[in-house]
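I opened this entry to log the annotated domain and a few salt bridges. Notes follow in the order I looked things up.

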Amino acid sequence: MTSKTQSDVLIIGGGIGGLVLALSLHQKGIPCRIYESVREIRAVGAGINLLPHAVRELDDLGLLSALTNVGIQTQDASYFNQYGQHIYTEPAGIAAGYKWPQISIHRGDLHEVLLHAVRERLGAEVVKTGHHCVGVEQTEDSVTANFVDANGAALPSATGAVAVGCDGIHSALRKQFYPNEGGPVYAGLTIWRGVTPYKPFLSGANTIRVGWMPVGKIMVYPIRNNIDDKGNQLMNWVATLERPRPKSYDWNKPAKHEDFFDAYKDWHFGWIDIPDLLMKTETPLVFPMVDRDPVPTWTFGRATLLGDAAHPMYPRGSNGAGQAILDGRFLTDRLVEMGTTPAALQAYDKVRVEATAKVVLTNRKNPPDAILREVYERTSGNPFKRINDVISAEEMAQMSEGYKKIAGFHQRQLAI
Ligand SMILES: Cc1cc2nc3c(=O)[nH]c(=O)nc-3n(C[C@H](O)[C@H](O)[C@H](O)COP(=O)(O)OP(=O)(O)OC[C@H]3O[C@@H](n4cnc5c(N)ncnc54)[C@H](O)[C@@H]3O)c2cc1C
């Protein structure tokens, strides 16, 4: 049995990208349906940073206050070496003069805000959970997506005008289009992450990056305010170490403290106690740092890709969710201009494939934390007397500005 509404956009995957696409399409009066693999959508994951370019789009969807109600408006970003010596601080979001804030938020909170908006605006029935897509078939004027349930039993197919694979890093649609691609590319780095109640540090709305890979790198930022009567925040941390590739890759894989703790055991900085923060975290999670090589096209007739399915990237520039959001907005505009046609998908592809490939490649070589690499290499991993003798503030500002331009959130780009 096939469910047919041939003018609809079929959205495969109800993660961050799929839900934003649905809200964008709805805003412009284009009907859509979302098919999500998991039976029950739960608030999972850890922290995500939404930079001003992504927040601008979410504001246009009327979601800004819902997001700032749950997340934290980041004020500044700071860099330290593994001895806790201060390297560089720059303002972020509104504090840096942007019209939109940077928001540090739990992925589950972001997902919940988006899902609530989708169900309220489009109707609860638009999100079909328990539908794992196994591929698409096409005719000249329609596309049909095929599904199985959690036990592998076939479900009714769905037919629409176009299908968008928003099905994440293990995308079934991408596998159909690129059957010989193989798995994600491992960076030689493993990432542990976690959230725990913790007292505010520095401005109380700061993102810190500390250390460098050979000795251990960690990023810490708060993602919820006032979570208890002690004034604690929900603190998010992401620790990275050089390691052989872990056996499996699952966003929700629990880890043991002993696998990563040693590298950070002496990082007591007074203003924050990293070993204490790590040990207070009940269930750390682990996943390998992976991406995929950019591909020349995401579009095959009436089907295309979006977000991590299209351009998974190292989580080093706070752009994974942001670029998925930008994809959804850009694609919507093309579908409005050109109808739900292959030509609209091609127009989307023409711009977004190239733009996101640059971010993927820059995240490999020169993400924002390359500032830490420079200091580590120039000091051979030793403490410094004066940071100005190692690297100038101008050079670090230039590195940071360069990344913003590539990822599309330089202030001049957002002033348009
Ligand atoms: C469970 C989970 C936890 C995460 N935690 C973090 C985190 O803590 N920090 C971080 O920076 N990023 C995290 N991410 C990744 C982050 O959400 C993405 O990098 C980014 O937001 C881009 O979003 P996306 O919609 O492209 O992909 P995702 O947000 O990964 O969404 C993909 C969606 O597609 C669904 N799906 C997969 N295969 C199929 C299929 N065949 N048919 C139908 N549906 C399918 C998945 O269940 C998921 O809901 C997580 C992703 C997931 C799925």
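I took helices (H or I, at least four residues) and strands (E, at least two) as DSSP runs, numbered from the N terminus. This is a predicted model: local features need pLDDT of at least 70, side-chain atom pairs count only at pLDDT 80 or more, and totals for chains, interfaces and linings use all residues. Residues are numbered from 1 along each chain as its sequence is written, and side-chain values use heavy atoms, with hydrogens and water left out.

I checked the annotation. An unreviewed UniProt entry lists residues 7-360 as "domain: FAD-binding"; such annotations may be inferred rather than shown by experiment. I computed 27% helix and 30% strand over residues 7-360, with the end C-alpha atoms 33 Å apart.

Next, salt bridges (a side-chain nitrogen of Lys or Arg within 4 Å of a carboxyl oxygen of Asp or Glu). I found 22 in the whole structure.

I looked at D60 and R329: their closest N and O atoms are 2.5 Å apart. D60 sits in helix α2 (residues 52-60) and R329 in helix α7 (residues 320-338), so this pair ties together parts 269 residues apart in sequence.

I then checked burial (buried is under 20% relative accessible area, exposed over 50%, partly exposed in between; 1.4 Å probe, protein chains only). D60 is partly exposed at 46%. R329 is buried at 11%.

I also logged E354 and K358, with closest N and O atoms 3.8 Å apart. Both lie in helix α8 (residues 342-365), four residues apart, about one turn of the helix. K358 is partly exposed at 45%.

Last, I noted one network: salt bridges with shared partners join R56, E57, D60 and R329.
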